[in-house]
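Dear colleague,

Here is the structure I promised to hand over, with my notes on what was found in it set out below. Please read them with the model open beside you.

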Amino acid sequence: DVIAREDVGFLSLNETEPIVTDIAYLDIQIGDSAPKRVEIHLYGMVCPQTVANFKSLCIGQNGNSYVGSEVFRVISTFSIQAGNIGCPPDAPRSRIGRYGKAASEPFSPENMRILHDSPDGGVVSMMKDLTNKGKQDSRFFITTSPAASWADNKYTAFGKVSKGLDFIKGMQVLPVVAPANYPE
């Protein structure tokens with residue numbers, strides 16, 4: 001028998017949005033320009049631990065915060081990657097994306113039920129911790145393409161950009177330094 005995705009609880013953002021439990025925002029600044037606000041719908045009923053970690057880092061609970069962290073990778077038509085908390089100031093730019101700190105301790109992905117394809121992109125998903133294999137920390141990515149099934153069953157999607165997606169997609173044209181695609 002073939003088991004449909006719905007039978008195992010997968011949620012397609014092309015079909016419906018899970019219940020929004022919270023709205024977070026990030027103010028992102030490029031160079032000397034004024035910061036732009038990006039709002040994110042969070043799906044805490046599907047991924048409560050991941051959403052709690054992200055919210056805590058957005059508001060700076062427990063001493064760890066996204067404030068001052070950088071967008072460390074821009075991959076055109078793929079994703080924008082950010083959330084590198086704890087990066088040493090003298091770290092080479094090619095290694096900036098290797099640092100992350102969870103709100104408390106790195107944690108295992110709780111589930112991968114939300115699929116990454118969506119009508120416009122903008123799916124927010126946790127990256128895997130490079131130090132604690134298989135765990136998650138503060139680093140996340142935002143998809144820039146509607147077709148992002150490459151991330152399904154690999155990363156925990158927990159939210160979607162609800163305002164500011166044009167700004168996020170506009171970041172794809174920033175000049176980057178290869179091979180890490182660090183934005184200049």
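Which residues of the largest nonpolar core touch the most other members? Among its 34 residues, they are Ile28, Ile40, Phe54, Phe140, Phe158 and Ile168, where a nonpolar core is a set of buried Ala, Val, Leu, Ile, Met, Phe, Trp, Tyr and Cys residues joined through side-chain atoms within 4.5 Å. Apart from this core lies another, of six residues, including Ile96, Phe141, Ala151 and Tyr182. Buried here means under 20% relative accessible area, exposed over 50%, and partly exposed in between, with a 1.4 Å probe and protein chains only.

Before going further, please note that this is a predicted model, in which local features need pLDDT of at least 70 and side-chain atom pairs count only at pLDDT 80 or more, while totals for chains, interfaces and linings use all residues. Residues are numbered from 1 along each chain as its sequence is written, and side-chain values use heavy atoms, with hydrogens and water left out.

Ile40 touches, among others, Phe54, Val124 and Val161, not counting residues up to four places away in sequence; contact means heavy atoms within 4.5 Å. Phe54 is also one of the buried residues of helix 1, together with Thr50, Val51, Asn53, Ser56 and Leu57, and these pack against strand 1 (22–28), strand 2 (36–42), strand 5 (123–128), strand 6 (136–143) and strand 7 (157–163). Helices (H or I, at least four residues) and strands (E, at least two) are DSSP runs, numbered from the N terminus. Just after helix 1, Gly60 takes a positive phi of about 80°.

Elsewhere, Val74 is found in strand 3 (residues 71–75) and is buried, with a relative accessible area of 2%; its contacts include Ile80, Met171 and Val176. Asn132, in the loop between strand 5 and strand 6, counts as partly exposed at 34% relative accessibility.

As for pockets, the largest has a volume of about 770 Å³, and of the 31 residues that line it, the closest to its centre are Asp27, Ile28, Gln29, Tyr66 and Ser69. A pocket is an open set of points on a 1 Å grid over the protein atoms alone, where a 1.4 Å probe fits, with protein on both sides within 12 Å along at least five of seven lines, and lining residues have an atom within 4 Å of a point; a volume is the space filled by probe spheres set on the points, which are joined across faces, edges and corners. Strand 1 gives the most to this lining, with seven residues.

With best wishes
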